[in-house]
Amino acid sequence: MNAPTTRRRTVAQALVEFLAHQYTERDGRRHRLIGACWGIFGHGNVAGLGQALLESGEALPYLQGRNEQAMVHAAVGYARQCDRLSAQAVTTSIGPGATNLVTGAALATVNRLPVLLLPGDVFATRPADPVLQQLEVPHAGDVSVNDALRPVSRYFDRVTRPEALIPAALQAMRVLADPVDTGTVTLALPQDVQAEAYDWPEEFFADRVWRVPRPAPDAEALAEAVRLIRAARRPLLIAGGGVHHAEAEDALRAFAGATGIPVASTQAGKGSLRHDHPADVGGIGHTGTATADALAREADLVIGVGTRYTDFTTASSTLFAAPGVRFVNLNIAAFDSHKLGATALVADARAGLEALGAELSGHRVAPAYEAGYTAAKQEWERRVDAAYAAPDDSVRPSQTQVLGVLDALVDDTDVVINAAGSLPGDLHKLWRARSRRQYHLEYGYSCMGYEIPAAIGVRLAAPGRPVWALVGDGTYLMNPTEIVTAVQENLPFTLVLLQNHGYASIGGLSEQTGGERFGTAYRFRAGDGTYTGAPLPVDLAANAASLGMHVIRAATVAELRAALGEARGAKRPTCVYVETETADTVPGAPEAQAWWDVPVAETATRPAAVAARQAYDRQAAGRRRHL
């Protein structure tokens, strides 16, 4: 009997070669599971994974980052654009390089998006103890800073022996490719183990395909869901991110077209239907449209498809107000499908919608219901037009007018990226999504600093599409460094940088909750300790230019229109810088159409806080549990 064939490789070399041979497959289409590896090298990965990536060449492409958190954001943007069928890896040194991953890891796991983290770790053999950047934990000698990644990872392992890599790597790929369990996967790699050689079985390096299933709904659950839908008089469907991840947009369009059931969308689900589809009623919840939220308050049946029902979607459990309202939740994750006391339809979004459509053949909502939401949608569109319109082209634009100029420019190939501040609310209410992946909002973690690296990830996943990163001054100051990466890699995208001299979104929230905008403006400190002086003499446009971007300054609506048009056709990373009028001086987006629970001080001496608490108590009285 012949001995098994082996290859002698270091642990790092074996891992890189293994990753280059992993694939996903859905609907007969195959995708590279790990498309590339981001990295910043230091001790702990330079002589291990760094050497292995150099040796592998283009088998596993390497991308150089500037900030560890930003590298994870870029990988997340890439994975989302790839419908979670392809992901990227991120390698860092030990110590601060590893702990900088935590925020990005949390973002990926919260949003159910796959990313593989490969942080260096301290010596497994402990030739010296402690080593540089090692955290000593007196009660646990096997703890390192990488353990901070455990609660934000869907799978975590520390590879302390070469042979342990085989089961760890296989489990890592299983989780990355699993539509229910996916998120951050962390393989902590002690620096000495990375460089250790081992005789690996040939089978470890063979092409391996991880098939992504489309499970169908249980027959009894399907029958109950159909019964509830047929009995409903005011049904509403809420499309979440799972519609996009499952590529279920066509199935949703067919379902809505056949039944006439209106479709609202979460931040992650926006674009599931085109904005001009007759059944699309826009965003739902605290940042939703008046049309969708009015339907939600009166709905007798809510059909959730691929949503996890965050507090923004449910208006902190105050939105679904009809007595006896029932829920049907179609979700591939049983954890989410059972929320709100729903009839759980545990299935792939596409498979589930197709099954529902087949069973509901011939069923349609009443003409009066359809006519009612159609008229309400038309009225909302008039409000959008008003928010987008400027009195003339010579004025400084408001934030919503910036969106209006961009809305008039883009087509269905463009991708718009945002994550934090006041822009997500304006976009969710106002943006007219034209294609399934045009609207890219990270609102599960709402992480400032996400947009620029995510734009890079999207460009890598979709090279031919115009990409817009919409960023306020607060978010820009959090994480601008990956501009250098975009310049180095020649990845054209447009940064639309809005300067409003402070944290505008949280300033508004502070005012509503009795905080009087304390600590939210970028201004000089006055003698009484308040920040009420002149705006800071900070030139963010010059900063972007210093990092290598081509910068176009726009002071008026007319200049903005010309700048965005020039930027859309640019062949290099470009920044359009515009100082906006504030919501205090220019009519902006329609106000929030539903509540969001941010607790207010129960006792206070300042009148603003006392009044805010009274308003809070009135709104909180509307909370309910759906059981």
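Trainee: What should I know about the model before we start?
Mentor: It is predicted, so local features need pLDDT of at least 70 and side-chain atom pairs count only at pLDDT 80 or more, while totals for chains, interfaces and linings use all residues. Residues are numbered from 1 along each chain as its sequence is written, and side-chain values use heavy atoms, with hydrogens and water left out.

Trainee: Is Gln 88 buried or exposed?
Mentor: Start with its place, strand E6 (residues 87-92); strands are DSSP runs of at least two residues, numbered from the N terminus. Buried means under 20% relative accessible area, exposed over 50%, and partly exposed in between, with a 1.4 Å probe and protein chains only. Gln 88 has a relative accessible area of 2%, so Gln 88 is buried.

Trainee: Which side chain does the side chain of Gln 88 join in a polar contact?
Mentor: A polar contact is a pair of N or O atoms within 3.5 Å; within protein, one must be able to donate a hydrogen and the other to accept it, and residues adjacent in sequence count only if both atoms are side-chain atoms. Here the contact is 2.8 Å, and the partner is Trp 38.

Trainee: Where is Ser 316, and what is its phi near?
Mentor: Ser 316 sits in the loop between helix H12 (311-314) and strand E16 (326-331); helices are DSSP runs of at least four residues. Ser 316 is buried, at 6% relative accessible area. Its phi is positive in a residue other than glycine, near 50°.
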